[in-house]
Amino acid sequence: MFCGHCGALVDDRPDRPDRPAPTSRVCTDCNLGLLISAPRDVAPHAHDPFLLVDGSLSICGVSGLAEGLFHVRESDVVDRPVTELLMPADAEIEGPESFVSLLLHAARGEGEVRDCVVRPTSEWGIRYWARVGPCGPPRAALLVLAEG
């Protein structure tokens, strides 16, 4: 589990008796984000900016680091199409439909964690590596970014 705002990891494995399961869905580190589950190979670390994208391809969550990276406030981009913020880095090679398909499958909880390269919609010279995989609740695609 991780915090949907600060990215803090919560170790909720049953084989860890020294770490009790969280009693609330609100992060105890920042008190701002909800706790979200994701496969370990896609879950962000505290230094990773990330977005949550629902099955309608709308942004449903933005980490604090992603707010700074894109110079946006979460409240201004939630319920906006993810393509207003990010696009595939090379639309001619990958095609936007592959990026959309990747997000849709992850938002449905299907498929495996995949990597892709994305760019801010309004910029051409910036690239980010992205890991995409399922997360929830609520069910969504988790898009974790790293500079490319």
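Aspartate 76, at 47% relative accessibility, counts as partly exposed (buried means under 20% relative accessible area, exposed over 50%, and partly exposed in between, with a 1.4 Å probe and protein chains only). The model is predicted, so that local features need pLDDT of at least 70 and side-chain atom pairs count only at pLDDT 80 or more, while totals for chains, interfaces and linings use all residues. Residues are numbered from 1 along each chain as its sequence is written, and side-chain values use heavy atoms, with hydrogens and water left out.

Aspartate 76 forms a salt bridge with arginine 73, and the closest N and O atoms are 3.3 Å apart (a salt bridge is a side-chain nitrogen of Lys or Arg within 4 Å of a carboxyl oxygen of Asp or Glu). Arginine 73 is exposed, at 51% relative accessibility. By this rule there are 3 salt bridges. Another of them joins arginine 80 to glutamate 84 at 2.8 Å, N to O; arginine 80 is partly exposed at 39%, and glutamate 84 is partly exposed at 43%. Arginine 108 and glutamate 110 also form a salt bridge, with closest N and O atoms 3.7 Å apart. Both partners are partly exposed, arginine 108 at 43% and glutamate 110 at 35%.

The largest nonpolar core has 24 residues (a nonpolar core is a set of buried Ala, Val, Leu, Ile, Met, Phe, Trp, Tyr and Cys residues joined through side-chain atoms within 4.5 Å). Helix 4 (96-107) is among the elements that each supply at least two residues of this core (helices are DSSP runs of H or I with at least four residues, strands are runs of E with at least two, and both are numbered from the N terminus). The largest share, 5 residues, comes from helix 4. Leu51 and Leu145 are among the residues with the most contacts inside the core. Leucine 51 lies in strand 3 and is buried, with a relative accessible area of 0%. Beyond its neighbours within four places in sequence, leucine 51 is in contact with residues including Val62, Leu86 and Leu143 (contact means heavy atoms within 4.5 Å). The C-alpha atoms of leucine 51 and valine 62 are 4.7 Å apart, at a sequence separation of 11 residues. With neighbours within four places again left aside, the contacts of leucine 145 include Phe70, Leu86, Val118 and Tyr128. A second, separate core of 11 residues includes Phe2, Ile36, Phe50 and Leu142.

The count of aromatic pairs is 2 (rings of Phe, Tyr and Trp, the last by its six-membered ring, pair if their centres lie within 6.5 Å; planes under 30 degrees apart count as stacked, over 60 as edge-to-face and the rest as tilted). Phenylalanine 2 and phenylalanine 50 form an edge-to-face pair, 5.4 Å centre to centre with 90 degrees between the planes. This pair links strand 1 (residues 2-3) to strand 3 (residues 50-53), across 48 residues. Phenylalanine 2 is buried at 0% relative accessibility, and phenylalanine 50 is likewise buried at 0%. The rings of phenylalanine 70 and tyrosine 128 are also edge-to-face, with centres 6.1 Å apart and planes at 75 degrees. Phenylalanine 70 in helix 1 (residues 64-70) and tyrosine 128 in strand 7 (residues 128-135) are 58 residues apart in sequence, and both are buried.
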